[in-house]
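Thanks for coming. I will go through one chain today, a few places at a time, and I will give the cut-offs for each term as it comes up.

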Amino acid sequence: MARNTREGAPVSRRSVIRLGSSLAVGALVLTACSDTGNTEKTASGLTTVTFALDYLPGATHNGLAYAMQKGLFAKEGIKIKILPVGTTPSDALIGTGKAQFGFTSSYASALTDLAAGMSVKSIFLAMPHDPSAISVLASSGITSPAGLAGKTYGGYGTPMELALVNSMIAKAGGHGAVKQVVLSVGSIEALKSKKVDAASTWPDDDYTATQDGTKFTKFQPTDYGVPANSGVLVLANNSYAQKNPKIARGLAKALREGYQAAIDDPKAANAALAAQFPSINRKLVDFTTRAQAKDMVNSDGPVGTQSVQKMQAYADWMIKMGVLTGAGGKALKSFDVTPFVTNTYLPK
């Protein structure tokens, strides 16, 4: 999908369909070398750490911005160097050592990287729940995913998207599959112009809809047999984290404090986000923060805590649907997530 690359512009987040970017990572895994674990010291004695953003700065990044603005990383001896979103996915930057740490958008995205052999490990869960939905125009008359059979879904054209929507159709009692097309415009524009019947939408799409009165009917994948997907995760380059465990622990501690502050005082966290990234759309960020507040609450423990069981459940579902593939592109029959996710860097 095309997206507006202006920082902070009201564009769709698309954590599920951003697998298009993650799938491109597989090719990079075999051609790039991993970071050796070298660190750079600033004049003040802080260790510079490169951190890759998964997307344009927005509400999901307010905990990171709070930690930066309030000196929480500096307290841990760390200076964060942000690598903004660009043509190379954040996952690839981390796996190849161009960044030591960074965000990826979901379990689905992380699992695609891990199964392809990327040298990364998930160390922190910034957003426990995926806030996206499969949406249709309320005026379409479609009241269930069953009604999407034979209809058109717009996205990046990945097997993952097709499997997700078709499994929802079947679970809802529908017969047939959705037609998939690759969009050249954003989800909102495609739905409103009726180029597609369905697309993935996020809270920032809801913000756009409030501006012109567009009404949507949303279908949550978890209501139709799909295991819960996560929102944003923090990945570490394996080599770097192994050679610099103190830095990894310090980063995880600062992130926990930052994202806890974002839950406790979202206004302050969004102010920090605006200070760190001045060109954000503050009205959009405030709206999105309110809309996805429940998705930031972690039911598995303190902020940042990951559930191996939940990630495994999603991996098993991807395997069942035939969309989790190894480095050679062959569909996997099993995949153990245990070696690739850890809470050991979190504060005790």
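Which backbone oxygen lies 2.7 Å from a polar atom of the side chain of T305? The backbone oxygen of P302 does. That counts as a polar contact, meaning a pair of N or O atoms within 3.5 Å; within protein, one must be able to donate a hydrogen and the other to accept it, and residues adjacent in sequence count only if both atoms are side-chain atoms.

Before going on, a word on the source. This is a predicted model, in which local features need pLDDT of at least 70 and side-chain atom pairs count only at pLDDT 80 or more, while totals for chains, interfaces and linings use all residues. Residues are numbered from 1 along each chain as its sequence is written, and side-chain values use heavy atoms, with hydrogens and water left out.

First, the overall picture. The chain has 13 helices and 11 strands. Helices (H or I, at least four residues) and strands (E, at least two) are DSSP runs, numbered from the N terminus. Of the 348 residues, 56% count as buried. Buried means under 20% relative accessible area, exposed means over 50%, and partly exposed is in between, with a 1.4 Å probe and protein chains only. Contact means heavy atoms within 4.5 Å. Among contacts between residues at least 6 apart in sequence, 82% join residues at least 24 apart.

Back to T305. It sits in the loop between α12 and α13, which covers residues 308-320. T305 is buried, because its relative accessible area is 11%. Not counting residues up to four places away in sequence, T305 touches L125, R256, N298, D300, N343 and L346. T305 and A126 are 179 residues apart in sequence, yet their C-alpha atoms are 8.6 Å apart in space.

With residues up to four places away left out, L346 touches I123, F124, A252, R256, G304 and T305. R256 is therefore on the list for T305 and on the list for L346. From L346 to Q306 the separation is 40 residues in sequence and 10.0 Å in space, C-alpha to C-alpha.

Two other threonines come next. T289 lies in helix α12, residues 282-291, and is buried at a relative accessible area of 12%. Leaving aside neighbours within four places in sequence, T289 is in contact with A59, N62, P266 and N270. T96 is in the loop between α4 (90-95) and β4 (101-104). T96 is buried too, at 14%, and its side chain reaches the backbone oxygen of A92 at 2.6 Å.

Now two helices. How many of the nine residues of helix α5 are buried? Nine of the nine residues, 107-115, are buried, so α5 is largely enclosed by the rest of the structure. After α5 comes G117, with a positive phi near 95°. Helix α6 has 13 residues, 159-171. The expected span of a helix is 1.5 Å times one less than its number of residues. For α6 that gives 18 Å, and its end C-alpha atoms are 18 Å apart, which agrees. The buried residues of α6 include M160, E161, A163 and L164. α6 is followed by G173, whose phi is positive, near 95°.

Most residues other than glycine have a negative phi. K194 is not a glycine, but has a positive phi of about 60°. K194 is in the loop between α7 (187-192) and β9 (198-201), and is exposed at 64%. By contrast, L183, in the loop between β8 (179-182) and α7, is buried at 8%.

Last, the largest pocket. On a 1 Å grid over the protein atoms alone, a pocket is an open set of points where a 1.4 Å probe fits, with protein on both sides within 12 Å along at least five of seven lines; lining residues have an atom within 4 Å of a point. Here 20 residues line it, and D130, P131, S132, Q220 and D295 lie nearest its centre.

That is the last item.
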